[in-house]
Amino acid sequence: MIDEYVLKYITDFMKLCKKCNKYDIYNNKKQCSICNDFYCSDCKTNLIDVYGFYKSKYCIECNKLIGF
Ligand SMILES: [Zn+2]
Ligand SMILES: [Zn+2]
């Protein structure tokens, strides 16, 4: 049985991977800066580093839309 505290911890710090539907620890380095899709450690290769005024990460889909 999962108690409420643990459940809160999980929902605050864990996020569902867009690609494989697995939970992983939330980290903004693993999230698209445009659509906020999150990718787990295994799938973070779906994020592309973009260097502009500040460093950000775009997922493959958003990167296509922007057209780099
Ligand atoms: Zn994944
Ligand atoms: Zn995106």
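# A walk through a predicted chain

Let us start with one residue: Lys 15 is buried, because 21 other C-beta atoms lie within 10 Å of its own. Here a residue is called buried if 20 or more other C-beta atoms lie within 10 Å of its own, exposed if 12 or fewer, and partly exposed in between, with C-beta atoms placed from the backbone. Lys 15 sits in strand 1. Strands (E, at least two residues) and helices (H or I, at least four residues) are DSSP runs, numbered from the N terminus.

Before going further, a word on what you are looking at. This is a predicted model, in which local features need pLDDT of at least 70 and side-chain atom pairs count only at pLDDT 80 or more, while totals for chains, interfaces and linings use all residues. Residues are numbered from 1 along each chain as its sequence is written, and chains are lettered from A and ligands numbered from 1 in the order in which they are written.

How confident is the predictor? The term pLDDT stands for its confidence in each residue, from 0 to 100. The chain averages a pLDDT of 88, and 96% of the residues score at least 70. Confidence is lowest in helix 1 (residues 4-13), with a mean of 80, and highest in strand 2, with 93.

Now step back to the whole chain. It has two helices and four strands, and along the sequence they follow the pattern α-β-β-β-β-α. The C-alpha trace spans about 50 × 25 × 15 Å along its principal axes. The radius of gyration of the chain is 14 Å, whereas a compact globule of 68 residues would have one near 11 Å. That radius is taken over C-alpha atoms, and the globule rule is 2.2 Å times the number of residues to the power 0.38. Of the 68 residues, 19% count as buried.

Back to Lys 15 and its surroundings. Leaving aside neighbours within four places in sequence, Lys 15 is in contact with Tyr 23, Asp 24, Tyr 26 and Phe 38. Two residues are in contact if their C-beta atoms, placed from the backbone, lie within 7 Å. From C-alpha to C-alpha, Lys 15 and Tyr 39 are 8.4 Å apart in space, although 24 residues separate them in sequence. Across the chain, residues 24 or more positions apart account for 22% of the contacts with a separation of 6 or more.

Not counting residues up to four places away in sequence, Tyr 39 touches Cys 17, Lys 18, Lys 19, Lys 30, Lys 44, Asn 46 and Leu 47. Tyr 39 also belongs to the largest nonpolar core, which has seven residues: Cys 32, Phe 38, Tyr 39, Cys 40, Leu 47, Tyr 58 and Cys 59. A nonpolar core is a set of buried Ala, Val, Leu, Ile, Met, Phe, Trp, Tyr and Cys residues joined through C-beta atoms within 7 Å.

Strand 3 (residues 47-51) and strand 4 (residues 55-59) run antiparallel and are joined by five bridges. Strands pair if DSSP finds at least two bridges between them. Leu 47 has Cys 59 in strand 4 as its bridge partner, and Tyr 51 stands opposite Lys 55. A hairpin of three residues connects strand 3 to strand 4.

Lys 18 lies in the loop between strand 1 and strand 2, and counts as partly exposed because 18 other C-beta atoms are within 10 Å. Beyond its neighbours within four places in sequence, Lys 18 is in contact with Asp 37, Phe 38 and Tyr 39. That loop, between strand 1 (14-16) and strand 2 (23-25), also holds Asn 21. Asn 21 is exposed, as 8 other C-beta atoms lie within 10 Å. Its phi is near 60°, a positive value in a residue other than glycine. Asn 36, in the loop between strand 2 and strand 3, has a positive phi too, near 65°. With 12 C-beta neighbours inside 10 Å, Asn 36 is exposed.

Finally, look at helix 1, where you will find Asp 12. Is Asp 12 buried or exposed? Asp 12 is exposed, because 9 other C-beta atoms lie within 10 Å. Its C-alpha atom is separated by 16 Å from that of Tyr 39, which is 27 residues away along the chain.

Notes. pLDDT is the predictor's confidence in each residue, from 0 to 100.
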